[in-house]
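Please consult the sequence and the structure as you read.

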Amino acid sequence: MAEESDLERTEPASGRRLEQAREEGQVPRSREVGAFLILIVAAAAFWFLGPWMVQRGAAIFRRGLVFDQELTREPQLMLLRLADISLDAGLTFAPLCVALVVAALLSPFFVGSWNFSPKTLLPDASRMDPLKGLARLVSVTGLVELVKAAFKALLVGGVAVWVLWREREDLLALFAQPSQVGLSSAGHLLSFSFFVIVASMLLIVAVDVPFQIWQYHDKLKMSRQEVKQEGKELEGNPEIKGRIRQLQREAARKRMMAAVPAADVIVTNPTHFAIALAYRSGMRAPKVLAKGMGEVALKIRQLGTESDVPMIEAAPLARALYRHAELDQDIPAALYAAVAEVLAYVYQLNGWRHNGGSYPLPPRDIAVPGELVPEVVNG
């Protein structure tokens, strides 16, 4: 039962899943939005620009029917006349065409946004599979589209009947009007009727857009197993990450060990901890070059012995430095006095090595703030 629940698509699509879907050209779409915008823009254009386009069109039509004897004698002039009339006709209907193109381009923004995916241009044989096409027809989506088409037909048809019934007196009055007045009235009547019928499609859009968005996200839902797998892919394989961390630790340890010969002193516990310190002119405070416990501490002491680095046993100080000091960082200010005693001994020891004299004694009972000394097991 647990395996079945992990395979069920119950989880919302992740951001990565949605981005992959967009790259493949899968975005929420609503054909009703595009159709409504184009038709409503066309209706508005006819409403506001209709009289002007009719007048321009009538003038172009009349000019085209004018018989010019010169054209019969010069056939090449007929092509120029045709080009001139075609240009005027194109300019007359250009505002309508531009408005329709803008409406078609803006329609995706009402559902999501523009999305261009080169993958959708690649040939896909599955789209030509008749069995899959039949499956889409008898699917839930196909049933929804059928119900939507029937509802749209009933809605638009009902609104059209209502408009015709409402304007029946004006329609009958057209027969008694002069042709010029009748054509103008008919144009206004057709524009109004077209605008009202198209406006009724807004109800279809209001229903279709939320449905398409819901259907899109429902189709991209993920199973719990897919969510876990995606998380592993994003975070990386735990085994690989563990191996990377191990290699990083080994590289850091090698760099740390390489710095031990440059230390001025190694503070020990005497066997469990070892901290290599250095202090040079210009440094604000002594710095930790290496630190470790157990085998790492043993290796630090071994390298220190080979490089003739002075070592001093100071258990509380060694534990405090190991706990509170970081690699390649200055020691804590609270340990300045204790480390100063150690460095003073080192300077005395270096002086003895170069100049001779009485051998300096290492400091005993170095004072370390109690709150900085951690309790340890096994010494």
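Asp-328 is placed in the loop between H14 and H15; helices (H or I, at least four residues) and strands (E, at least two) are DSSP runs numbered from the N terminus. The model is predicted, with local features requiring pLDDT of at least 70 and side-chain atom pairs counting only at pLDDT 80 or more, while totals for chains, interfaces and linings use all residues. Residues are numbered from 1 along each chain as its sequence is written, and side-chain values use heavy atoms, with hydrogens and water left out.

Q: Is Asp-328 buried or exposed?
A: Phi of Asp-328 is near 60 degrees, a positive value in a residue other than glycine. Buried means under 20% relative accessible area, exposed over 50%, and partly exposed in between (1.4 Å probe, protein chains only). Because its relative accessibility is 51%, Asp-328 counts as exposed.

Q: In which loop is Asp-308 found?
A: Asp-308 has a phi near 60 degrees, a positive value in a residue other than glycine. At 52% relative accessibility, Asp-308 counts as exposed. Its place is the loop between helix H13 (295-306) and strand E6 (311-313).

Q: Which residue forms a salt bridge with Lys-152?
A: A salt bridge is a side-chain nitrogen of Lys or Arg within 4 Å of a carboxyl oxygen of Asp or Glu, and the structure holds 5 of them. One of these links Lys-152 in helix H7 (residues 140-166) to a position in helix H3 (residues 31-65), 120 residues apart. With the closest N and O atoms 3.2 Å apart, the partner is Glu-32.

Q: How many residues apart in sequence are the parts tied together by Asp-330 and Arg-284?
A: Asp-330 and Arg-284 form a salt bridge whose closest N and O atoms are 3.0 Å apart. Asp-330 is partly exposed, with a relative accessible area of 24%, and Arg-284 is exposed, at 72%. Asp-330 lies in the loop between H14 and H15 and Arg-284 in the loop between E4 and E5, so the pair ties together parts whose separation in sequence is 46 residues.

Q: How far apart are the end C-alpha atoms over residues 185-214?
A: The unreviewed UniProt entry annotates residues 185-214 as one of its "transmembrane region" segments; UniProt positions are given in the numbering used here, feature names are shortened, and annotations may be inferred rather than shown by experiment. Over residues 185-214 the chain is 93% helix and 0% strand. The distance between the end C-alpha atoms is 45 Å.
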